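Here is a short report on charged side-chain pairs and on one helix contact. Look at the structure, then read on.

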Amino acid sequence: MTNPEKIKQILLSEIERMDQHREDFCKRPGIDFTRDRKIPFNTLLHFQISMESGSVNHELLKYFRFDAAAPSLSAFYQQRAKLSDAVVQPIRKRNEFAALYQLIDRHTPCGGTVPVFIADRGFHAYNVFARAIENRAFFVIFAFQIKLVFFVIYFFKMVWNICALYEIHY
């Protein structure tokens, strides 16, 4: 098994472990994600990780292989709203950096886990890196080549630490 396959397997096993303790990740434990839905907890996590750059509606259709019985956009939003680690801001007062800082600050790792925050373009600021490092969190943030020096160094440290944590050997 190659290293990317090992890392994927670790990710999938962590999602399964989260699914077994989904009450820790819900706004209303014991109520949310207890009934059968088209998008159960583990599918919701898989879907959000696998999303690409299309619209959410198109990504839903693609994920469910363009099946006519695919869940609606509304069903996705309703299920996603049940997750506890979300920051919702008024549209006119939104501040994406503040939302990311709030997520990093309020996250409390459970049982020997280390959080990994994943962000897209625009979040490659030293303050974001410092905030994550101070909170002993890992991060993966897409950035353009000019601003990659610090990111690449920390990313390889992170990969090295993950490999040591899970005893992955090159």
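Arg22 is partly exposed, at a relative accessible area of 30%. Here buried means under 20% relative accessible area, exposed means over 50%, and partly exposed lies in between, with a 1.4 Å probe and protein chains only. Arg22 pairs with Asp19 in a salt bridge. That term means a side-chain nitrogen of Lys or Arg within 4 Å of a carboxyl oxygen of Asp or Glu. Asp19 is buried, with a relative accessible area of 16%.

This is a predicted model, where local features need pLDDT of at least 70, side-chain atom pairs count only at pLDDT 80 or more, and totals for chains, interfaces and linings use all residues. Residues are numbered from 1 along each chain as its sequence is written, and side-chain values use heavy atoms, with hydrogens and water left out.

How many salt bridges does a search of the whole structure find? The search finds six.

| Salt bridge | N to O distance |
|---|---|
| Arg17 and Glu14 | 3.3 Å |
| Glu59 and Lys62 | 3.6 Å |

Side chains of opposite charge can pair when their charged atoms come close.

Arg17 and Glu14 both belong to helix 1 (residues 3–20). They sit three residues apart, about one turn of the helix. Helices are DSSP runs of H or I with at least four residues, numbered from the N terminus. Arg17 is partly exposed, at 39% relative accessible area.

Helix 3 (residues 56–63) holds both Glu59 and Lys62, again three residues apart, about one turn of the helix. Is Glu59 buried or exposed? Glu59 is buried, with a relative accessible area of 4%. Lys62 is partly exposed, at 32% relative accessibility. Glu52, Glu59 and Lys62 form one network, joined by salt bridges that share partners.

Now the helix contact. The axes of helix 2 (residues 41–50) and helix 4 (residues 73–80) come within 11 Å and cross at roughly 105°. Axes are lines fitted to C-alpha atoms, for helices over the stretch in contact, and angles run from 0 to 180 degrees between N-to-C directions. The two helices, helix 2 and helix 4, are therefore roughly perpendicular to each other, a label for angles of 65 to 115 degrees.

Which residues meet there? Leu44, Phe47 and Gln48 in helix 2 touch Phe76, Gln79 and Arg80 in helix 4. Contact means heavy atoms within 4.5 Å.

Terms used. Angles under 35 degrees count as roughly parallel, over 145 as roughly antiparallel, 65 to 115 as roughly perpendicular and the rest as oblique.
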